[in-house]
Amino acid sequence: MADFRINRTNDAVFKAIFAKYPKITLALINAFLEFQGTEQLTDIEFIDRELDPDEYEGKESRLDILGRTASGTKVNIEMQVNAVLAMGERSLFYWARNYADLKRGEKYDQLNRTIAINILGFNLFDEAKYPDMHSCFGIYDIKTKCQLTDKLEIHFLELLKFKSKSVKDMTRMEKWAAYFSPATTDEELAEIAASEEAIREAMEVEDVFTIDEVAKRSYEKAEKFRRDQAAQLEYAEKKGEEKGIKAMIITLKELNVDKATTADKLMARFGLQPKVAQGYVEANW
């Protein structure tokens with residue numbers, strides 16, 4: 001195991017392992033397929049079409065891995081840590097691009113099963129309503145639940161919903177979620193690695209990765225890029241919140257609402273502490 005706690009959702013680490021080691025990648029994919037009893041994949045060929053992390057130039061790059069099996073099944077795995085707008089539509093869009101590749105003269109029944117796997121560092125669905133960390137979508141009749149085709153399969157794994165449990169009680173997918181989760185302790189990881197060969201092999205690849213100077217630079221670049229993205233998002237959210245607070249104060253003042261009531265409403269609406277809410281009122285009254 002690496003001397004430092006490596007971030008396994010880091011783009012450089014993710015691609016170093018899952019875009020280069022078919023056996024490990026197949027184990028991850030099959031963990032997603034296991035729950036529904038569908039046929040497990042036995043082979044995969046990588047189709048490399050994405051930028052490597054050390055090629056980033058400060059712009060967002062969607063890092064994913066695309067593979068094809070001998071039977072024609074295509075699997076797209078994407079790691080997305082920071083929240084993005086319309087994640088569902090985004091995943092469907094990329095799924096459609098991978099699915100619709102008929103050559104001239106080919107028939108529709110020659111289209112292959114296409115699977116999209118999205119590993120998320122944020123909650124896409126309301127945890128109160130949808131507590132399960134794993135969801136799988138297809139095309140079904142709303143009334144009868146009849147499946148139109150089994151060739152559409154879009155998975156989401158929301159890592160924030162992962163709940164730790166005894167390793168002997170974990171499914172293969174839960175073990176992979178634990179592997180990616182920063183909340184998993186080194187002791188738990190060692191136990192998981194002992195029970196899941198592919199995860200043990202992934203951690204062995206990490207050890208090699210962390211002593212490679214070029215790989216470490218890629219890792220740091222990807223970490224910096226991720227931190228910068230998160231900081232920009234936080235800044236934008238803060239500015240948006242401040243505009244909302246100011247607009248609310250102006251509106252309430254025009255409605256002849258007193259300062260104390262305005263501060264109370266700000267606390268309720270934005271979750272502010274009393275002194276912070278009062279400070280906003282005084283600054284914008």
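I began with contacts, meaning heavy atoms within 4.5 Å. Among contacts in the protein between residues at least 6 apart in sequence, 63% join residues at least 24 apart.

Then I noted the source. I am reading a predicted model, where local features need pLDDT of at least 70, side-chain atom pairs count only at pLDDT 80 or more, and totals for chains, interfaces and linings use all residues. Residues are numbered from 1 along each chain as its sequence is written, and side-chain values use heavy atoms, with hydrogens and water left out.

Next, the overall build. I found nine helices and six strands. These are DSSP runs numbered from the N terminus: helices are H or I with at least four residues, strands E with at least two. The C-alpha trace spans about 70 × 55 × 40 Å along the principal axes.

I looked up burial. Of the 285 residues, 43% count as buried. Buried means under 20% relative accessible area and exposed over 50%, with a 1.4 Å probe and protein chains only.

I turned to helix α5, residues 186–195. Leu189, Ile192 and Ala193 are buried there. They sit on the same side of α5 because they cover an arc of only 100° around the axis. The arc is that of the directions from the helix axis to the C-beta atoms. What do the buried residues of α5 pack against? They pack against α4 (172–180) and α6 (197–210). I checked the face turned away from the buried side of α5, and that face carries the exposed residues Glu187 and Ala194.
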